Every structure is written in C-alpha cells, then in structure tokens.
Amino acid sequence: SVSVVYTPIPADFMRLSAFGDIQQYLIPKGDGIHTEVISESTKGETYTLEYTSEAPGIDPPQPMRHVITVFALRPQEAVIGLTAQASAGTFEASKETFTSIVKSLQTNL
C-alpha cells in the first residue's frame, strides 16, 4: 500500500529540525514491537527512512512489514508524508514500484 498525507503548517516551520527527532516520530514503538532501520537519509528538507517492523508480542500478533517513508517539509506551507509498505514476504516484488514512487516525490519537492 502507498499513502500520501499533505498537512498545512504554521509559517514559523522553516526546517525539518522544527519537528525534533524525526526518526523517533516515524518509527513504531511500544511493548512487543520490534523495528530495524535499514537506511535513512536527509536531503535538504526531506527525510527518507526504510525499516522493517513487526509486533509478535501484541494481541493479535502483527507480521513483519517492510516500510519506506518520506517526510518532507515545504517551508511555511506544508508537511508531505509518503509511506509505502508491504509484508516482508512480498516487498521485493513491489520494491521497484515503491522506489519509483519515492524518487518521483523527492524529485518534485
């Protein structure tokens, strides 16, 4: 699945750092949740994070998901979030499509 969120922000948000530690904001956490960061990068006001996450310790158990998420700031305008995810077993079949979508967003910001 792929989702895009566009959220207007106040004019005083000029840098990604205004949101604090973005990785801590984006990564699922809690008792019974295990997350492993695969890669992360920042280019300008765009942060990209790839990780796997599973929650075998919660009820009902959640299978491993492979996620690529982009958090981008358009200063004084909006935050744009894009998340592409699939089950770990089917991610490779979708990876080329997900990578293309992420690059398209990054190119057009």
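Biologist: Which residues does Leu26 touch, not counting residues up to four places away in sequence?

Modeller: This is a predicted model. Contact is taken as heavy atoms within 4.5 Å. By that criterion Leu26 touches Tyr47, Leu49, Tyr51, Thr69 and Phe71.

Biologist: Which residues form the largest nonpolar core?

Modeller: A nonpolar core joins buried residues through side-chain atoms within 4.5 Å. Here the largest one has 12 residues, including Leu26, Tyr47, Leu49, Tyr51 and Phe71. Helix H1 (22-26), S3 and S4 are the elements that give two or more residues to this core. Another core, of 10 residues, lies apart from it, with Ile68, Ala86, Phe91 and Phe98 among them.

Biologist: What is the strand order of the sheet?

Modeller: Two strands are paired if at least two bridges are found between them. In this case 5 strands form an open sheet in the order S1-S5-S4-S3-S2, and the pairing is antiparallel. Strand S1 (2-8) and strand S2 (34-43) each have a single partner strand, so one side of each is left without a neighbour in the sheet. On average, neighbouring strands are turned by 15 degrees against each other, direction ignored.

Biologist: How many bridges join S2 to strand S3?

Modeller: There are 9 bridges between S2 and strand S3 (residues 46-55), which run antiparallel. As one example, Thr35 has Ser53 in S3 as its bridge partner.

Biologist: Which strands does helix H2 touch?

Modeller: Helix H2 (residues 91-107) packs on the sheet and touches S1, S3, strand S4 (62-74) and strand S5 (78-87). The direction of helix H2 makes about 170 degrees with that of S5.

Technical notes
Residues are numbered from 1 along each chain as its sequence is written. This is a predicted model: local features need pLDDT of at least 70, side-chain atom pairs count only at pLDDT 80 or more; totals for chains, interfaces and linings use all residues. Side-chain values use heavy atoms; hydrogens and water are left out. Helices (H or I, at least four residues) and strands (E, at least two) are DSSP runs, numbered from the N terminus. Axes are lines fitted to C-alpha atoms, for helices over the stretch in contact, and angles run from 0 to 180 degrees between N-to-C directions. Buried means under 20% relative accessible area, exposed over 50%, partly exposed in between (1.4 Å probe, protein chains only).
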